[in-house]
Amino acid sequence: RAGRGGRGRSGQAPGRPLPHSTSRAGKMAAAVRAIGSLGRFTAAAKYGPSRRPPPAGYACRNISTSTALQTRTHVSYDIKGDVAVIRFNTPNSKVNTLSRQLNSEFTDVMNEIWANEAVKSAVLISSKPGSFIAGADIDMIEACKTSQEVTQLSQEGQKMLEKIEQSPKPIVAAISGSCLGGGLEVAIACHYRIATKDKKTILGTPEVLLGLLPGAGGTQRLPKMVGIPAAFDMMLTGRNIRADRAKKMGLVDQLVDPLGPGVKAPEARTIEYLEEVAVGFARGLANRTVSAKRSKGLIQKITDYAMALPFVRQQVYKTVESKVQKQTKGLYPAPLKIIEVVKTGLDQGRDAGYLTESQSFGQLAVTKESKALIGLYHGQVHCKKNKFGTPQREVKTLAVLGAGLMGAGIAQVSVDKGLKTILKDTAQQGLDRGQQQVFKGLNSKVKKKSLTSFERDSILSNLTGQLDYKGFEKADMVIEAVFEDINIKHKVLKEVEAVIPAHCIFASNTSALPISQIAAVSKRPEKVIGMHYFSPVDKMQLLEIITTDKTSPDTAASAVAVGLKQGKVVIVVKDGPGFYTTRCLGPMLAEVVRVLQEGIDPKKIDAISTAFGFPVGAATLIDEVGVDVATHVAEDLGKAFGERFGGGSIELFKLMVEKGFLGRKAGKGFYIYQEGVKNRSVNSGMDEILARFKVPAKPEVCTDEDIQMRFITRFVNEAAMCLQEGILSNPVEGDIGAVFGLGFPPCLGGPFRYADSYGAKQLVDKLRKYEAVYGSQFTPCQLLLDYANSPSKKFHQ
């Protein structure tokens, strides 16, 4: 399943394989958006398989061996005149994937069609409205024990598609829905491609997001079809391409407009119409009335001419390589392999290209980076399910208290998905700013052409901004995003409970205040829950839901359902100071402050942490979160956990707040921020603060590698502690929370996957080394010690 139906963000390149932390938005984790794009796969098409009975009498018409017909479950075909229509339909799945079963049935069907003289051409189409083929079956790749086995899979795929490409009978791919990964490789091996001009129709090569590369000839065919620069862009970013753009690029030859409702549902009618058009083109190709030759524009001709010159190609390779190196810090092997494989094919010919492709595919599949990324993909699938089942009442009207950055962000992702949303603030100015933020967020989609201005306005018509509690009697859920102060939280909780209906849920978007403390003044604590969003809400994929001992399962089910509707990846944790995400970040940031005090400057700290795979440097992260917020959280967690959360001096933060160095929002923190200035300079005002709090460094634990390990071991140790205490219910959600909420390096797959690959014993040894210097902050937790003592124990079996 290397690729899944999209979330409709297609044209917009939600993520590079690798973080762009320069973007203004990427508060915590631009990278998380990166592999966030993995999320695109999981939101697979929303429709179940629509099975149509074959036309009467078709069995005896086209199949000599009727036994084959009875045993085929994934691929079927019927013949319309002299055109064979081959249908993909993976049973019990929303999407088609290239599994062993589908591949072998497809091969059988094609052999029958090639042998049948009455058939002059063929059409490949899916019986599922939202999915042509969403990619190769990941489980099939994971089941392979060695890289040789994976290479063999790749070679089988290459051979099959080569036969299609060389077929004497023209083959047309009729594409509706997701056509990703191996699915796109099938389509580009055909002689002609027709796609529906529909938001759900997306084409792309997302293999890089799983640490792989297109392994069925894609690296060799794509550059010839769309040109080298566009092929690199597709393969190195994994971005989704919408049908209209695919037509401009030469990736598809014809577009078909989707039909509206009629006797049947629009999806079913569109697929029938697409099939009709495709059959017409297949017939035309067979009798030579249609030409498959593409007329190229002048620019394309010039580009092709230039790319045929070896020295121009060398320049392109160089530029692309340096860009990849800069973005990936060399931590992700797949992008560099993709460049190497394309290069081999273009410079040494197709046989060499195909061989390198299959061998590299095999090598990448067994790397720990690919295993980490595939683990995250499975984790996302896990977190897209509601483990509490369907809630008794669907949340249709949502009220958000506080129109600040977070409140407006929550309103935007809710109204965007069709929830009626009330945004309430106490001041007109704040309310105006919040509504403007929602408008801007939706308008950026219009600029990127993923929404029309009419759609934007009709979405905004579901948002009501107000200063009072009018209409709250109709709310199904209220999310408060007011200031992090327990007294204010208590005040709004009491006010809200006086006006909302009995079934309405009260959720708090707090990042550290225990929910049970907030719920202490509630008349109905079973309806109180925590919903911790991450900033910026429209970009960050994670939602951390927090249940107290009193929260009812139905309240939890509703909160998860709302989060999933908002398009979030949801983890559910138990209540406690800092919950899971803030609590893991706490000790790491305390260590960052200590390293600053030991005389390492902010730029160096950023370089050390991004070199390890964090999308945003540790000092920048504090600026992004806000120094005042960090101080507030550090104090609360320090009170709750005592010495273990020590490290750097919190007084350093307090002095920064006093001087107004609050981070990005104030224009000054560790760095100076100016509109439109990309290269930030270090804030020289910090020099005297850092000098005042300077402590002597301990040379035996101050190499770059030691500093990295001091950050990471405290993070992992705290994550393990959360699992040990039952805050986390499983390691999968711990990994997802750390990667998608805190920007833990995606190439390591999360703290638990990292503990497995680095080794619990090795981690404990490092912790002991630092414990000898700094004391109890590095004392390994019991769970890590247990795993260190029995090497066969792994968090992920």
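**Close-up views of a predicted model**

**View 1. Asp304 in its helix.** Asp304 belongs to helix H13 (residues 298-307); helices here are DSSP runs of H or I with at least four residues, strands are E runs of at least two, and both are numbered from the N terminus. From the C-alpha atom of Asp304 to that of Gly157, 147 residues apart along the chain, the separation is 28 Å.

This is a predicted model, in which local features need pLDDT of at least 70 and side-chain atom pairs count only at pLDDT 80 or more, while totals for chains, interfaces and linings use all residues. Residues are numbered from 1 along each chain as its sequence is written, and side-chain values use heavy atoms, leaving out hydrogens and water.

**View 2. The open sheet E4-E6-E8-E9.** Here 4 strands form an open sheet with mixed pairing; two strands pair if DSSP finds at least two bridges between them. Strands E4 (131-133) and E9 (241-242) stand at the edges with a single partner strand each, so one side of each has no neighbour in the sheet. Strand E6 (residues 178-180) runs parallel to strand E8 (residues 202-204) over 3 bridges, and Cys179 has Leu203 as its bridge partner in E8.

**View 3. Strands E17 and E18.** Look for the parallel pairing of strand E17 (residues 542-547) with E18, which spans 6 bridges. Helix H23 (residues 553-565) carries the chain from E17 to E18 in a right-handed β-α-β crossover, meaning that, with the strands pointing away from the viewer, the path from the first strand over the helix to the second runs clockwise. Strand E18 (residues 569-574) is mostly covered, with 5 of its 6 residues buried. Within E18, Val570 is the bridge partner of Leu543.

**View 4. The Glu455 and Lys199 salt bridge.** The closest N and O atoms of this pair are 3.5 Å apart; a salt bridge is a side-chain nitrogen of Lys or Arg within 4 Å of a carboxyl oxygen of Asp or Glu. Glu455 sits in helix H20 (residues 453-460) and Lys199 in the loop between strand E7 (192-196) and E8, so the pair ties together parts that are 256 residues apart in sequence. Glu455 is partly exposed at 28% relative accessibility, and Lys199 is partly exposed at 38%.

How values were computed:
Buried means under 20% relative accessible area, exposed over 50%, partly exposed in between (1.4 Å probe, protein chains only).
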